[in-house]
Amino acid sequence: MQLKRPRSPLHLGLMAASCALLSDSARAQAAPDDAAEKPLQIDTDLLYYKENAGRVQTIEPVVSLKKDFGDQRLLDGTLTLDTLSGATPNGAIPSRKPQTFASPSSTSLTPKPGYKTTLYTIAPGDLPQDPHFKERRVAGDLDWSQPIGLDNTVSYGGHASTEHDFDSVAVHVGLSHDFNEKNTTLSAGINEEYDRIHAHGGNPVAGSDYALYEKEPSQTKNLAGGLIGVTQVMRRNWLTELNYTFDHSQGYLTDPYRIISVLDDTGAVTGYRYENRPDTRTRQSLYWVNKVALGPTVLDLSYRRGKDSWGIGSDTVDAKLRIDLGSGMSLEPHARWYHQSAADFYNLYLSETGPAPTYMSADPRLAAFAATTFGLKFGIATRRNGELSLRLEQYQQRPSDQASSLAELQGLDLNPNLKATIVQLSWHLEY
Amino acid sequence: MSAARAGAGGATPPPHAPEFEVVPREGGIVAVRFVAMASPCELLLETAETHTAHEMGRVAAQEAWRIESKYSRYRPGSIVSVINRSQGHAVVVDGETAALLDYAAQCHLLSDGRFDITSGVLRRCWRFDGSDRLPEPGAVAALLPLIGFEKVQWRASRITVPAGMEIDFGGIGKEYAVDRVLCLIAARFAGAALVNFGGDLAANRAPGTGPWQVGVERPGTEREARLLLELSRGGLATSGDTHRFLLRDGVRYGHILDVRTGWPVPQVPRSVTVAATSCVEAGMCATFAMLQGIGAEAFLEEQGFRYWCLR
């Protein structure tokens, strides 16, 4: 039998390690909820969006970081860069004759000293599109959420984005309350957004004659909104969520780059007007989503009903099915159907005769149309709980109002279908 | 996402602790006996109340069962099995498993790589059944690339074990269970307690009648000579080569393997018993000593532990 001192470094090291094992494991046992890891999640996305017929294309890299500080305190930050380029419809309809327009950055319709004039001419029968469209956008989001007490979570955050002709800042606050053994969550939130519009070449005077080319300094708009929602665990494998959102915008809601054709009784172009939209808009929507796990397959099915004070009513049905292929691979087919009615002041064109309406727009986004999206996403697990995925989608938009009975417009496709292809490469990582 | 997530509460199976028996002994001591981790387990309590003994017995058996089912490499649902099946993918582990992996990592470092929780793959070619069947040297060498804790990525709560490699908590698990059980008992029971799982033991303090009298079996001795020791507090653990050896051309090949060569450490003691502040510490020190082979006694002298070494 031996009893020796002093202890060797190895002895001390072993003592320290053993002591740490017993105290760490005791702590882990005492607080099993805290035993989970607190990782950093990084999501990197590269989105490519391309419309048919040489129209807009976008390349959008997005980096998003989510850091868990433990105790369900989460910081979430996203940085988005957008580059848009290509041709974008200016709102005028095709004509039998060539049509000439000025790019928005022009300060005069006709060349004169001290002014800038860039013109483009559209061939007969073609949809008038501004070929010089190019935009870069940088946007950042930052959100923080943390629990208050046992059953409540508060979240707040902000958003800022900037483009050459548009700046936006927004803030939001949300509160959620869990009850019924955390099977039910009630949420409520409010948000506020402030935007400044300073179009290339100045903001046009809304509703004014295009030939006068009247421009104004920058304009603003703001939005205030709210949300209430309930999330319910229906069964162990079924989660349902119902949300109602409401928002109210006011200010310069007009698109500074859109015009509308003015036609005579035969359908011949006599001029153009800048569009003019009401300076308030109220939107409401009801959103219902269900997530159902069918073994390793997850179905995500949602319906949204939207309605606004401009007369646009919309319905969206969206279905995604995530199929686990094993070996870390998954396949996700996606189908979406969308339909909207036109805004009250939407028209393909204005008539020269009769009183001019106060509000007018030929923006295809305010027209009645139906749209479908079909897509497929393939994912493969990578190291560090990661996933690499590729999404391919095809979007098709079919306006309901595409032709006119006017003699000059016979046979012209006034509001062509829009097709777009979406390719998205995403990489999710955890540290 | 294929990375497995296991051991973090939630999916705990229903309690199914082993049956135990309560046997009063002389001197105001009650013994609780059960079988766990393929060992006879005993809990000695300084109490006259059998209902206290029943309560403590339930706590002890439950904890021993919990650790066994969570860390046994033979159970497909254990965290060890999940990690060993992960095929090179990261596995997120809970805090307790993280503490054990940290301990294994530190022991690997302290032993200059001799103690290694990835060495279990050598069992594929070594069977210590008392025969003379040595494995082919080529078969042993072929396993060496699958051994080495330094090849395992272990950071924060995430372990990535390269495909083909395995880990196990042999040499830690039972000793850990002894310390954990003692810890749980000491938090619920005011008297003296001794936990003994197949010869690995720990005590919180001596009973009023004097130190615990402990008989330690010394595996490897033909006479099965028991070592009679006195223990007041702390841990005591024994590492031995039992009957697990191969004998060929008069050379004895013990079951303590050198991870660097894949072959048994030559001239290991028949058994090493060490006393330390905890059972895990005693057990690891005994293992370290065995890994020294001929240098076991010198190693133990140098470290300053109380030890009993049998050649």
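**Two helix pairs in chain B**

Guide: In this predicted model, helix 6 of chain B passes helix 7 of chain B in a right-handed crossing.

Visitor: What makes helix 6 of chain B oblique to helix 7 of chain B?

Guide: Helix 6 (residues 279–291) of chain B and helix 7 (residues 296–303) of chain B pack at about 140 degrees, with their axes 7 Å apart. Roughly antiparallel needs an angle over 145, and roughly perpendicular covers 65 to 115. The angle therefore makes helix 6 of chain B oblique to helix 7 of chain B.

Visitor: Which residues of helix 6 of chain B meet helix 7 of chain B?

Guide: Cys285(B), Phe288(B), Ala289(B) and Met290(B) meet Ala296(B), Phe299(B), Leu300(B) and Gln303(B) of helix 7 of chain B. By class, this contact has seven nonpolar residues, one polar and no charged.

Visitor: Why is helix 1 of chain B called roughly antiparallel to helix 5 of chain B?

Guide: Helix 1 (residues 50–71) of chain B packs against helix 5 (residues 173–186) of chain B at about 150 degrees, and their axes are 9 Å apart. Angles over 145 count as roughly antiparallel, so that name applies to helix 1 and helix 5 of chain B. Their crossing is right-handed.

Visitor: How many charged residues does the contact of helix 1 of chain B with helix 5 of chain B have?

Guide: The residues in contact include Glu63(B) of helix 1 of chain B and Arg180(B) of helix 5 of chain B. By class, the contact has two charged residues, one polar and 11 nonpolar.

Conventions. Residues numbered from 1 in each chain as written. Chains lettered and ligands numbered in written order. Predicted model: local features only at pLDDT ≥ 70, side-chain atom pairs only at ≥ 80, totals over all residues. Axes fitted to C-alpha atoms, helices over the stretch in contact; angles between N-to-C directions. Helix = DSSP H or I, 4+ residues; strand = E, 2+ residues; numbered from the N terminus. Parallel < 35°, antiparallel > 145°, perpendicular 65-115°, else oblique. Left-handed = near helix turned anticlockwise from the far one by under 90°. Contact = placed C-beta atoms within 7 Å. Nonpolar A, V, L, I, M, F, W, Y, C, P; charged D, E, K, R; others polar.
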